[in-house]
Structures are given as structure tokens and as C-alpha cells.
Amino acid sequence: MLSDRAGPPLWLLAELTYRCPLQCPYCSNPLDFHRHNQELDTEEWLRVFKEAREMGAAQLGLSGGEPLIRQDLETLIAEARGMGYYTNLISSGIGMTRERVASLKKAGLDHIQLSFQDSDPAGNNALAGSHKAFKTKLEMAQCVKEFDYPMVINFVLHRQNIDHIESILQLCAEVGADYVELANAQYYGWALHNRDALLPTKEQIEKAEAVTARFRKRYGKAMQIYFVVPDYFESRPKPCMNGWASIFLTITPDGLALPCHSARDLPIDFPSVKDHSIDDIWWQSPGFNHFRGDSWMKSPCRECDEKEQDFGGCRCQAYLLTGDAANADPVCAKSPHHHSVKSAVERAAGSDDVQALVLRNVGNARALSAEEQ
């Protein structure tokens, strides 16, 4: 049976800042990120690392925004490494230099994941909102290899770049990628706002999977490729985050503790690390216990014989598409709200127009907030 009492957090995602030099229209940061600008300081982050490590957390992801903006990044890495974490920097590469990579290596950083927006320089720069992004990313990919890091490249796939999959994978091979994550956009945050412009067709997904299969056969273990299908094209939901507050712990730049990086949008009172210890947050807080176990489930999840595999799916997706986080994930074909996903897919299939994207930046964030009011 699903347990109401989870194990300890094993994976800590530290969103160090919402600040970022890029303006990606599929960013998972909240639409009102500009309102949350009071970042935890160095000592507060180190306390969070220490408390989570004492509970058993072993993997530490450092993300944002762009984590390279934090001037104390090397200090945070060195201290975390000393605590026994495996440290992973998730970066756009913008703001990185050879000297910075050297200092990160000296601090003990274990892993760097670089993101690209497209294989086409112009397309990459347009999606990133920066005229020099592509050139900088290529240079930093070379630095990552120079300092003997595993080359891990992430591409977020969507309607406006998925047809470039062949050249995307060719680029990955040319820069010597060891691991490639082809992460189709999942529709939260800015991606949900831009969904009609980003959601690919089923045919595009199938073609991209076929090209990926060819490259997997060609390169084998020399370049391992992971293709993450968007939830909207599945008939059953993924076991989101391996279950609510069971393994993953996210801390936002201003100290809010979340079971996943998208949960900030839920109408749930989540605790802050400024007011509570990680131990108390994980075990005692109403927010983290909200969807543990299965007593919260409605039909059809309550009676479903697959609930111990998918845990009812994604709570954030259920809330964003139905208005009730306790509903079955609309991705599931058994959900009474599955029509909301089907209609979005049908709109994508029936439209050849490439709609204008709303870029993630402070100006657009303020405009969207004004519209809500």
C-alpha cells in the first residue's frame, strides 16, 4: 500500500536564484518570479545543506534561474562537497568562463549540465533572448570537456525546434556529449502560458523518436540519449517525482520548501526554511503531508489498480488544468478531465501557425501579473 510516511529526502534541488540572463519561453520558474527576489544568503543555504544531508540527502542540484549569477557559488559547492554531497550544476553556460570552470573544479563540483535551445544559432539565440548565447554555449562545452567533466547536454524540445532533431543530435556528437537529455517541454510556468506555441504534434513526436532511435543505435554507450515524451502524449501519467514528498526536496531562492519545483503554484501553505528546520518541514508540515499515501485520492484514482505505480500522477498538472489538485491527472485516459489534454493536442495538430512566444523576463512577468489583477 502507498505509505503516508515517506522515506528521507535523497535529492535536494537548490534553486539559488530566479535571476537569469536568458528569457526562455518554456522556463519552469513561476510567472511572478519577479515578486520573489529576497534570496537566501550563504549561511542560510549552508544550514539547509547541512540539515538535509543529516537526513540522508546525497544528490545536490544547483539551479535557478542561472546559478552562476551567485558570487558565492564556489563556497556553496566546496562546503556541500565537504558534507558528502554529489554536486550537480544545472546551467545555461551564460556567465561561465574558463576561469570560472577552473574555480568550480577546484571547489569540488562533480557534474555540469549545459542547456542549449536549438542547433541553429539564430533559433537558439531567439529562444534564449540573447544574441550571443549559442556561441558562448559552444565555448563552454569545450571548457567542460577540457576540465574532464562528463559532457551532459540538455535540449528542451517543443514545436519550434523538434523538427531540428537530426541536427540537434549531430551537434551533441560534434561537441563530444556523453549524455544527452532530450526533454520535451512539460507544461508548467512559462511553458503553460506559451503552450499553444510550444506543443508539438503527435507526428512530430513520433518522427523525433525515430531519429533518436537511429542515433542511439549509431553511438550506443558512447553517447547515451534520453528522450522524455511530453505528458500530453501518454495515456497514463508518470509517477511524478516518485510520489509526493517521497524522495525530492526543492528549496526556492527565497527559502520556500516544496515537494517539486512547480508546486509553488498550488493553493497550499508551504513552509519556509527561514522559519522551520528541514526535518520539521519534511516530516511534520501539512504541505509535505498533503498528498502522501492515498487517503486524499478521489475516484477514479481511489479504485484504480495502478495507483501504486503512478501515485495519481502530477498534482501540479491536475491543479493547473482542472482547478483542483486532488483530481486525477488529466493526462490519464481514465480521468474525467482527460478532454482538457486531448483538446490541447488537437489544437496543436490542427494549426500550422507558429504563434508568438512570450519570453520570460521581468517586463512580461509584471504585465502578466497586472492582467491577473
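User: How many salt bridges does a search of the whole structure find?

Analyst: A search of the whole structure finds 20 salt bridges, a salt bridge being a side-chain nitrogen of Lys or Arg within 4 Å of a carboxyl oxygen of Asp or Glu. Before we go on, note that this is a predicted model, in which local features need pLDDT of at least 70, side-chain atom pairs count only at pLDDT 80 or more, and totals for chains, interfaces and linings use all residues. Residues are numbered from 1 along each chain as its sequence is written, and side-chain values use heavy atoms, with hydrogens and water left out.

User: Let's take a helical case. Where are Glu54 and Lys50 placed in helix α1?

Analyst: Helices (H or I, at least four residues) and strands (E, at least two) are DSSP runs, numbered from the N terminus. Glu54 and Lys50 sit four residues apart in helix α1 (residues 42-55), so about one helical turn separates them. Their side chains form a salt bridge with an N to O distance of 2.7 Å.

User: Which parts does the pair of Arg264 and Asp254 tie together?

Analyst: In this salt bridge, the closest N and O atoms of Arg264 and Asp254 are 2.6 Å apart. Arg264 belongs to the loop between β9 (257-258) and α10 (278-284), and Asp254 to the loop between β8 (248-251) and β9, so the pair ties together parts that are 10 residues apart in sequence. Arg264 counts as buried at 18% relative accessibility, and Asp254 is buried as well, with 16%.

User: What about Lys298 and Asp324?

Analyst: That salt bridge has an N to O distance of 2.4 Å. It links distant parts of the chain, 26 residues apart: Lys298 is in the loop between α11 (286-289) and α12 (307-310), and Asp324 in the loop between α13 (315-322) and α14 (338-349). Lys298 is partly exposed at 33%, as is Asp324 at 27%. Elsewhere, salt bridges that share partners join Arg19, Glu39, Arg70 and Asp72 into one network.

User: Next, helices. Which residues of α9 are buried?

Analyst: A general idea first: an α-helix has 3.6 residues a turn, so residues three or four places apart point the same way. In α9, the buried residues are Gln204, Ile205, Ala208, Val211, Thr212 and Phe215. They cover an arc of only 130 degrees around the axis (taken from the directions from the helix axis to the C-beta atoms), which puts them on the same side of α9. Lys207 and Lys217 are exposed on the other side.

User: What do the buried residues of α9 pack against, and what follows α9?

Analyst: They pack against α6 (165-174), β6 (179-184) and β7 (224-228), where contact means heavy atoms within 4.5 Å. After α9 comes Gly220, with a positive phi near 55 degrees.

User: How should I read the sheet, and what is its strand order?

Analyst: Strands of a sheet pair through backbone hydrogen bonds, either parallel or antiparallel. Here, two strands pair if DSSP finds at least two bridges between them. The nine strands form an open sheet with mixed pairing, in the order β7-β6-β5-β4-β3-β2-β1-β8-β9. β7 and β9 stand at the edges with a single partner strand each, so one side of each is left without a neighbour in the sheet. Strands β2 (residues 59-63) and β3 (residues 86-91) run parallel and are joined by four bridges; Leu60 has Thr87 as its bridge partner in β3.

User: Finally, the core. Which residues touch the most other members of the largest nonpolar core?

Analyst: In soluble globular proteins, nonpolar side chains tend to be buried together. A nonpolar core is a set of buried Ala, Val, Leu, Ile, Met, Phe, Trp, Tyr and Cys residues joined through side-chain atoms within 4.5 Å. The largest one has 85 residues, of which Phe49, Leu182 and Ile251 touch the most other members. α1 gives the most to this core, with six residues. Beyond its neighbours within four places in sequence, Ile251 contacts residues including Leu12, Trp45, Val48 and Ile278. A second, separate core of 18 residues includes Ala185, Tyr187, Ala344 and Val345.

Note on methods: Buried < 20%, exposed > 50% of the residue type's maximum accessible area, 1.4 Å probe, protein only.
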